[in-house]
Amino acid sequence: MKQLHTIDLSFDKSSENRYLSNTLITKIWETLENWEKILLYLNKRGNFSSYICSDCSYIYSCPSCDLSLNIHANPERIMCHHCFYECSLASTCWHCGWIELKKVWVWTEQIEWSIGKLFPKASIYRFDTDNLKNVSSKKMALRRLESTDIIIGTKMITTGFNIKNIWLIWVILIEQELNIPKYNTEEQVYSNLRQLIGRWGRVWQKTEIVLQTFAINNPLIQHITQKNYRDFFMETLTERKLFLYPPFYELVYIVHKNIDREKSLKLSEKLYNQLLEKNSSQNNSITLVWKPIKRNNQYFSKIIIKWEDLRNFLEPFRKIILKDSNISIIFEV
């Protein structure tokens, strides 16, 4: 806990990989020479992209949902995975007007490849869901963790594992976790990193923990490094009230799936209009996602409801919703 540092990737990056700072490479050499372990932490194994201002560290967010926008190609644009708001890539920062903006994305396999190239004699193990598909692979993973020099781990490594002799923990890119399209993402990021820091900070007092980021001035990162939970808590509550999220409002997703695209949209639109007719308050929110998502050969359309008393509001629609097996309700708390 005492040795917590941040690295600004805008100024400290190696020629091998923009997500591996020169400081990190030097620290890995030093740690390996002392026969100690390294944990390189990345929130997800997959590919999530961010759009960040290089001056004020603003991470582009949806104006309706306050969730991080993801970069998409063909055509190139930024999109909210929650409500499907989208726009073209901005040329200047929405927050401060700066003209230098960064596209940021990284994944575990990319880091594994670069680290293997830089440290060919070190044993490296990527600890993610790709390597933990059954019971036997989990047993083998536990053995590998004990004998590996450099561990590349995702969130699963922060719970239930007591790996000895880890003296360097390096968070590759903090802001990548902010791309998950949920209203409580920042809270989960804060909790995950505090758990990561606290776990080895208690067991190994000399463990050095470093957070890499392109958004060095981002308020969330400042709160983490300064251990300022109170201000983070108050700011989070203010944002949730502004955007009608729990605990001030109840949040529910009514998701309809159908192999027929038009049927999915038509049925969702019908239910959406019925809900709107019942809405008598300006303070509540009902949104229909108009762009269906196709997964597993089925189209999904979604109605997002933010309400002060959802149980009473949805009661008249209970039979309509329950009798359709293609409709599911997801409550967020």
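I looked up helix α7 first: its 18 residues, 261-278, reach 26 Å from first C-alpha to last, close to the 26 Å expected at 1.5 Å a residue (1.5 Å times one less than the number of residues). Helices here are DSSP runs of H or I with at least four residues, numbered from the N terminus. The model is predicted, so I note that local features need pLDDT of at least 70 and side-chain atom pairs pLDDT 80 or more, while totals for chains, interfaces and linings use all residues. Residues are numbered from 1 along each chain as its sequence is written, and side-chain values use heavy atoms, without hydrogens and water.

I checked burial in α7 next. S264, L265, S268, L271, Y272 and L275 are buried (under 20% relative accessible area, with exposed over 50%, for a 1.4 Å probe and protein chains only). Down the axis of α7 these buried residues fall within an arc of 140 degrees, so they line one face of the helix; the arc is that of the directions from the helix axis to the C-beta atoms. On the face turned away from the buried side I find K263, K266, K270 and E277 exposed.

I then turned to the pocket lining. The largest pocket is lined by 30 residues, with S61, D66, E186, N218 and E239 nearest its centre (a pocket is an open set of 1 Å grid points where a 1.4 Å probe fits, with protein on both sides within 12 Å along at least five of seven lines; lining residues have an atom within 4 Å of a point). I note that α6 gives the most to this lining, five residues.

Technical notes
Helices (H or I, at least four residues) and strands (E, at least two) are DSSP runs, numbered from the N terminus.
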